[in-house]
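Hi,

Here is the structure I promised to pass on. Have a look at it first, and then read on for my notes.

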Amino acid sequence: MAPTSSAVAGQLRQIVHYHLDNMSYDNALFFAERLAVSEPRSTESPYLLALCHFRLGDYQSAYEISKAVGYRGTNPSCSYLFAQCCLALEQHKDGIMALEKTKGSWSRKPSLGKHSATSRAQHPDTASLACLLGKLYRAYDDKKKAIANFEEALKLNPFMWDAFTALCDMGVTVRTANIFKLNDALVESMSSDQLNGVVPEQKDGSASNLMESHPKKTSARSAIFDANADPFDSQKSIPGNDAFLGNNILGGQNDFMSKINAARSKTATTSIESGFDSMETPTSNYNDSNVPRIDYPPEPPQAPARKTRNTQPIEPGPGEMPSKIGYRAGPKRTQRLQDRPQDDTLSEANPALLRASASAAPGVERKRTVSGHLVQPRQQSEEPGAPQRRSARINRFRGGNLKANSGASTVGASRELKKARPAVSRIVRPNSSSSHVGRAVSGNRKPLEENGMDVDQAEAPRFKEVQPPPPVMKPVEPESVKVEETLKFLLELLKKFGSGYFALSQYRCAEALAFFTSLPRAHQDTPWVLSQMGRAFYEQAAYADAEKYYRRLRILARTRLEDMEVYSTILWFLKRETDLSFLAHELVELSWHSPQAWCAFGNAWSLARDHEQALRCFKRATQLDPKFAYAFTLQGHEHVANEEYEKALTAYRQAIAADRRHYNAYYGIGRVYEKLGNYDKAYIHFHSASVINPTNAVLICCIGNVLEKQRQIVQALQFFTKATELAPHAAQTRYKKARALLALNQLDEAQKELEILKTLAPDEATVHFLLGKLYKMLSDKGSAVRHFTIALNLDPKASQQIKEAIESLEDDDSFDDSMMA
């Protein structure tokens with residue numbers, strides 16, 4: 001009989017998921033095509049087929065296959081996949097329409113807690129869908145709707161990190177304290193499995209427990225076992241224990257329980273008669289129990305005498321196996337059994353233990369000590385009447401008063417018993433906690449407990465005081481509290497990451513560095529944090545400090561490509577030609593098709609003053625990634641170096657089109673217009689760049705330069721002062737401020753700035769020339785001549801201007817800075 005089409009489809013579906021989970025995408029694609037043939041009308045078949053193409057990087061095929069179902073919006077997963085293909089293929093409008101149609105079927109409940117090693121959510125939740133829709137709207141240049149969707153994603157799931165970074169990159173002012181905070185929906189989602197009764201100890205126990213989401217759903221055998229009280233541990237309540245493994249060894253379940261009940265009733269009866277506890281091994285201290293053994297060494301085993309008995313032929317039945325196993329058990333086996341709970345060891349005693357305890361009568365000849373030897377005295381072992389031996393044994397123990405068993409006569413009797421033990425009793429009873437283990441290892445049976453064999457009567461009353469506590473199942477409430485505390489910890493950590501990233505996106509570099517340095521040390525040494533800290537120093541023009549972080553990053557993550565274009569620019573500013581060339585070659589060898597590698601290559605050529613080769617490299621980078629704005633900016637810088645201003649303007653505008661917040665491109669356009677003498681347009685673009693990056697001292701200084709050239713010295717001085725506050729160690733900015741102060745005849749302030757500047761740049765000729773001008777205006781001719789002479793020695797090329805300044809010391813010329821123009 002041929003199988004049904006639904007059965008075939010179900011099997012194929014499992015095969016496809018198997019190969020997808022094992023990242024065998026070619027195999028998954030092959031079987032997904034078979035599934036599409038088996039289920040031509042299903043909406044899941046095209047989804048799986050498109051998913052295989054998407055995982056293989058074939059976005060165009062995935063787009064075509066998922067288009068029909070994705071447009072209809074009947075399958076949220078297929079629409080989500082179709083939108084991902086649209087984002088990769090820049091078909092933004094199609095993806096937006098597909099996701100908007102599925103909004104009615106979006107699950108408002110986050111599925112964050114449903115994803116684990118063994119479970120997955122059937123469809124993406126609202127947070128994932130909203131985040132993808134925000135990316136599509138952002139690429140479609142609809143900033144308002146993009147922000148709304150990103151905010152919705154973060155409200156439902158604060159762990160949507162890409163939504164947060166997208167908002168920061170768009171320049172949106174966000175409040176990290178309100179984003180990374182705990183909400184009830186998140187706690188409920190993450191603790192859903194704990195609320196169902198799953199405890200971490202059960203999850204970590206075995207692979208089978210990982211597959212169980214509800215431990216209460218036990219098998220029928222477990223249900224029968226729970227219905228009948230466990231005679232060994234009445235408080236035992238955790239299913240799935242090792243005791244159930246012991247049940248599988250036993251015969252039928254009803255027979256097993258009847259034997260346990262019989263053993264319990266007999267144990268209770270004999271315990272009352274004898275006055276002993278049901279355990280045969282005392283729970284005394286290790287040293288106390290070994291003292292008689294040291295004084296009275298045990299006799300050798302007497303197995304041959306047991307085999308020659310006439311009254312009871314010994315057969316290799318299951319009743320003998322426990323004693324033999326216990327006799328040969330090593331210390332490792334004993335230690336393993338000691339670590340188990342009492343109920344587990346009892347369940348492993350094999351059928352012999354339970355059968356003997358249920359069916360043995362006082363007249364059975366097979367009764368013996370814990371180690372399996374005949375009872376002392378040895379003369380009685382030759383008598384054929386075994387029941388009399390057993391009764392004599394009982395009478396000997398019952399001869400004295402039980403309350404007076406702590407006397408010397410009782411101790412002597414106990415020592416006499418311990419003499420008969422073989423050496424294995426040391427292994428079985430290493431300490432007080434092994435009283436349960438001795439039962440499982442040596443194969444003792446319940447009638448021995450009734451007769452009190454191998455028990456120190458003086459120590460018997462201690463048994464009930466040291467009963468091991470039964471395993472207690474953790475309540476649900478503390479586990480949910482633990483989940484909540486974990487979420488709070490993670491969200492606090494994310495708050496620091498987010499605050500640092502947001503501050504850096506707003507170019508508040510000092511604040512960003514403070515947040516990143518507040519992270520734990522282990523997180524500070526990760527590639528992402530090192531890259532962000534290096535970027536913060538780079539934006540502050542602290543290139544030496546930035547290089548240290550990127551060098552550390554290269555040691556930790558040699559194959560990382562992200563932000564390597566920034567590292568290459570840092571090396572360009574530091575004029576490290578060898579390091580830059582090595583970095584460029586290493587990145588190109590690592591990834592020939594990465595724009596970062598070609599940017600590093602272009603910077604290396606630029607440092608070597610080969611602008612044509614640098615332009616070729618930067619153009620290659622823009623071909624590989626048309627959205628890589630920094631490559632367009634570097635291309636514009638090379639055109640400016642070649643004095644190709646129109647080409648430079650085109651490159652800068654392409655960079656702005658790729659990234660509206662790329663302030664470097666606005667700065668480049670301002671420089672071009674400044675060189676062309678169009679100071680108004682230069683001021684506009686410099687101002688636009690400073691709005692994006694208000695903490696960049698170079699941009700503010702450029703605005704001051706434009707104003708100074710327009711003879712607006714007062715306004716220019718304000719920008720120079722602000723730039724000096726932002727970068728107190730920038731010599732060029734402080735020099736321009738001092739020059740503006742001299743132009744405004746504020747000589748005292750100018751002298752203070754020049755003295756600071758002389759400390760920052762003692763070998764700069766322009767500084768000494770300006771000091772000479774200052775002292776000339778102060779009528780200090782000696783100091784003026786001295787500084788003019790120093791400037792002449794530092795820069796002989798400017799000798800003509802310096803000599804003219806020295807010759808004009810007697811004249812009252814107005815302020816002239818022709819050397820500095």
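Which hand does the crossing of α44 and α45 have? It is left-handed. Bear in mind as you read that this is a predicted model.

Let me stay with that pair for a moment. Helix α44 covers residues 731–743 and helix α45 covers residues 747–760. Their axes lie 8 Å apart, and the packing angle is about 155°. Angles over 145 degrees count as roughly antiparallel, so α44 is roughly antiparallel to α45. On the α44 side, the contact is made by A731, R734, Y735, K737, A738, L741 and L742. Facing them from α45 are L747, E749, A750, E753, L754, I756, L757 and L760. Sorted by class, the residues of this contact come out as 11 nonpolar, four charged and no polar.

Helix α39 (residues 645–658) packs against helix α40 (residues 663–675) at an angle of about 160°, with 8 Å between the axes. That makes α39 roughly antiparallel to α40. The crossing of α39 and α40 is left-handed. From α39, the residues involved are Y645, A648, L649, Y652, R653, A655 and I656. They meet A665, Y666, G668, I669, V672, Y673 and K675 of α40. By class, the contact of α39 with α40 holds 11 nonpolar residues, two charged ones and one polar one.

Now the overall picture. The chain has 48 helices and zero strands. It runs to 821 residues, and 47% of them count as buried. If you take contacts between residues at least 6 apart in sequence, 61% of these join residues at least 24 apart.

Is E547 buried or exposed? Its relative accessible area is 3%, so E547 is buried; the cut-off for buried is under 20%. Its side chain makes a polar contact of 2.7 Å with the side chain of R551. Leaving aside residues up to four places away in sequence, E547 also touches Y567, I570, L571, L574 and R576.

Finally, two spots in the backbone. Most residues other than glycine have a negative phi. M23 is not a glycine, yet its phi is positive, near 60°. You will find M23 in the loop between α1 (5–21) and α2 (25–38). With a relative accessible area of 63%, M23 is exposed. A541 also has a positive phi, near 65°, and is likewise a residue other than glycine. A541 belongs to the loop between α32 (527–539) and α33. At 41% relative accessibility, A541 counts as partly exposed.

That's what I have for now.

Cheers

Definitions and conventions:
Residues numbered from 1 in each chain as written. Predicted model: local features only at pLDDT ≥ 70, side-chain atom pairs only at ≥ 80, totals over all residues. Heavy atoms only, no water. Buried < 20%, exposed > 50% of the residue type's maximum accessible area, 1.4 Å probe, protein only. Polar contact = N/O pair within 3.5 Å; in protein donor to acceptor, adjacent residues only side chain to side chain. Contact = heavy atoms within 4.5 Å. Axes fitted to C-alpha atoms, helices over the stretch in contact; angles between N-to-C directions. Helix = DSSP H or I, 4+ residues; strand = E, 2+ residues; numbered from the N terminus. Parallel < 35°, antiparallel > 145°, perpendicular 65-115°, else oblique. Left-handed = near helix turned anticlockwise from the far one by under 90°. Nonpolar A, V, L, I, M, F, W, Y, C, P; charged D, E, K, R; others polar.
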